[in-house]
Amino acid sequence: MSEPWPCALGGPVASGRLRSVAGDFRVDEELGFEPDGDGEHVFLRLEKTGLNTSDLAQRIASLSGIHLRDISFSGMKDRNAVTRQWFSVRMAGRAEPDWTELAASGDVAVLQVSRHRRKLKRGVHRANRFRLVLRELTGDRGAIEQRLSAIRAQGAPNYFGEQRFGRGGANLVQALRWIDSGGRRLSRNKRSLYLSVLRAQLFNLLLADRVRTGDWNRVLAGDSCILAGTRSQFFCPEPDADIARRCAAADLHPALPLWGRGIEQLAGDAQQRRSLAVADFCGVADFLLAQGLDLDWRASRLVPDDFCWQFCDHGSLQLEFRLGAGSFATALLGECFRYA
């Protein structure tokens, strides 16, 4: 991560090596709906290995002759992994190429081709299913089991993972330099990347503040809430017993802001606390307001579904779980493991 964000459950109890080979980190994007089978957008479900999402989108553009702006995907997926995800290509009456040519270099497999009336938009997929392998595992097995069981029951802080910030935090460094340069004109993709990185940094600062005080998984007065498994959000001026019960049951989660226009209209102790939590980055907060981004909300907690694990031969551990779109597997891992 861009900095060692505080853990909620007491810090890592073991260490291991992640991504020794690409197949140790597998992600399968669950779209949550089936393409119509008709329409001007070709939907491609692709498996890629050792390739990032943007590079694969460029490869699709080169093969199809379609401008990159007409090629869409729902989520960015890791380079150092084996990942399955969907792309949409707006063909608008043009003849389709032979999509199997995408597989010519051996690092892409074409799993499904269909049609749909609408393009893919960012973040519309329902979830991601992960299968991870940690090798060279060190630590007490009983302590590992206990911590993983706690994560399964309680969840973990929903930090943005290090992938968002780039290797060694390079994306965050470049985004801050962009602010220092006066916000010079950038390509649409680069501007979008930098803005998302800056918002992620502020969110993680807000969440780290809640983790330190132990209320990251409780609804406080003046919080917003997000219903589990949805994007539905509502304001909670004063939580009652029913809100507390639903939060404890993970039916809803406390939500923290993704900085944007509208946050300046929030008042009360909760907003004062948020402002103090990002005080060292107040220039970033002001910059985001000036860029015209609208206020959004993100759950402070992730709760894995279908979470299971198995200790394997040769000192390795395999974990399988499902997370809602936008949550990072590395945020879950960080509550139990130090990994390289």
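Analyst: A disulfide is counted here where a pair of cysteine sulfur atoms lies within 2.5 Å. The model is a predicted one, and by this rule the count comes to 0 disulfides. C7 is in no disulfide, and the nearest cysteine sulfur, that of C336, is 9.8 Å away. At 28% relative accessibility, C7 counts as partly exposed. C236 is in no disulfide either; the nearest cysteine sulfur belongs to C225, at 4.8 Å. Because the relative accessible area of C236 is 4% and the limit for buried is under 20%, C236 counts as buried.

Strand 10 covers residues 233-236, and strand 9 covers 223-227. Both belong to an open sheet of 4 strands, in the order 10-9-11-12, with antiparallel pairing. Strand 10 and strand 12 (296-299) are the edge strands, each of them pairing on one side only. From one strand to the next, the twist averages 45°.

At the other end of the order, strand 11 (residues 252-258) and strand 12 run antiparallel and are joined by 4 bridges. Within this pair, P257 of strand 11 stands opposite W297 in strand 12. Helix 6, residues 241-248, lies across strand 9, strand 10 and strand 11, and runs at about 90° to strand 11.

R210 is located in helix 5, which spans residues 188-213. With a relative accessible area of 6%, R210 is buried. Leaving aside residues up to four places away in sequence, R210 touches D215, W216, R218, L220, D223, P254, L256 and R273.

L31 sits in the loop between strand 2 (25-30) and strand 3 (41-49). The C-alpha atoms of L31 and C336 are 29 Å apart in space, and the two residues are 305 apart in sequence. L31 is buried, its relative accessible area being 6%. Beyond residues up to four places away in sequence, L31 touches F43, W86, L120, V124, H125 and R126.

Key: Residues are numbered from 1 along each chain as its sequence is written. This is a predicted model: local features need pLDDT of at least 70, side-chain atom pairs count only at pLDDT 80 or more; totals for chains, interfaces and linings use all residues. Side-chain values use heavy atoms; hydrogens and water are left out. Two strands pair if DSSP finds at least two bridges between them. Helices (H or I, at least four residues) and strands (E, at least two) are DSSP runs, numbered from the N terminus. Axes are lines fitted to C-alpha atoms, for helices over the stretch in contact, and angles run from 0 to 180 degrees between N-to-C directions. Contact means heavy atoms within 4.5 Å. Buried means under 20% relative accessible area, exposed over 50%, partly exposed in between (1.4 Å probe, protein chains only).
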